[in-house]
Amino acid sequence: MKAPLYYYYGFSDILGLILALLIGFIFGFLLERGGLGNPRKLTAIFYLEDFTVLKVMFSAIVTSGVGLWILSKTGALDMGIVLVVPTYLWPQLIGGFILGIGFVIGGYCPGTSVIGITSGRGDAAVFFIGLMSGMGLFAWVFPWIKGFYLSGDMGDITLQRWLGIPTEVLIAGILIMAFLSFLLAERIERHKRQ
Amino acid sequence: MKKNYWSPYIVGVLLGLTLLSTFYLMGWGLGVSSAVSKFTAYVLHMPFPEWVEKNQYFGTYFKEGQPLNDWWVFEVSGMFVGGLIGSITARRFNIKVERGPNINTAGRFIAALIGGALVGFATRLARGCTSGVGLSGGAPMVLGAWAFIIGMFAGGYAIAYFIRRLWR
């Protein structure tokens, strides 16, 4: 079967939205089970005490990264159709930096604040209002920062193309990096507990 | 009795499989902040319809019709239900304010508001958040997504020491 199924088999919009609810349900449930609705657990990585954020993020990226590679290599998934975020290098680097600062100050990122709210945390609801305010502020100042927003436009560029290495090598490198970072994280956590 | 959290590696692998299935089924990944942005535009549209529609950023949402009629808005609605059922079934649902030992509730709320605003602004600049850019762009090895991830950890570690009274 050729995928994305939505594209090749023309799902109805209703089916697409039902899948959205279902996928969102699983996403939310998993974040809750991982403890990712708890801001003390989320921020603990920045105090070198609990590396849950790193472990969840990198196992997820590696799992789906390897999966995507296999699916596209075997021709099951047409990566030419798959929508991914385009690269605008500078706003993404700086945006990531500001997000990291806001993450430690506020205790959440957008998805985890949803789980904070559904666990009954009032501070998560306040964070969510902050999120909306920051977005409103962005829309307001957008005309003045549009130049920066559009800077570093590199289109659809992957790490392997930028580095000029085969995908296999990149995947192997990321697997090794993830494995080493997990080992290091476990070591630091053990050390902190003693 | 509260249940224990699952192993972060298991959660990560299951999350990765969910993301992979989303790509396979829909042809795009997971995301949260664009839905929050559309919801924000929708809320602001009630008191200020003209301003929102003429705004260069929010205005585009209304040119495509109703802003809440969007795949990720439905996905985030599903997240609320999944998160709620998750916390109830694990006996973790509890109305409270999560804060460090050296800060009061008012201080925690101010920090949450400021942090939230910074994150909200940052997600629009980066074209997504930890989910939409970090995970959904990181897995297909998008250069900008990896720049975002590096920036995020750099920003977090750069500020953590100076605001340690918020959490420690």
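The sulfur of C129(B) lies 6.2 Å from the closest cysteine sulfur, the one in C109(A), which is too far for a bond. A disulfide here would be a pair of cysteine sulfur atoms within 2.5 Å, and by that rule there are zero disulfides over all chains. C129(B) is buried at 1% relative accessibility, and C109(A) is buried as well, at 6%; buried means under 20% relative accessible area, with a 1.4 Å probe and protein chains only.

All this comes from a predicted model, where local features need pLDDT of at least 70, side-chain atom pairs count only at pLDDT 80 or more, and totals for chains, interfaces and linings use all residues. Residues are numbered from 1 along each chain as its sequence is written, chains are lettered from A and ligands numbered from 1 in the order written, and side-chain values use heavy atoms, leaving out hydrogens and water.

Next come two helices that pair across the chains (helices are DSSP runs of H or I, at least four residues, numbered from the N terminus). Helix α5 of chain A (residues 89–106) packs on helix α6 of chain B (residues 105–126) at about 165°, with the axes 7 Å apart. Axes are lines fitted to C-alpha atoms over the stretch in contact, and angles run from 0 to 180 degrees between N-to-C directions. α5(A) and α6(B) are therefore roughly antiparallel, a label for angles over 145 degrees.

As for α1(B), residues 8–26, its buried residues include L15(B) and F23(B). G27(B) follows α1(B), with a positive phi near 90°.

How values were computed. Buried < 20%, exposed > 50% of the residue type's maximum accessible area, 1.4 Å probe, protein only. Parallel < 35°, antiparallel > 145°, perpendicular 65-115°, else oblique.
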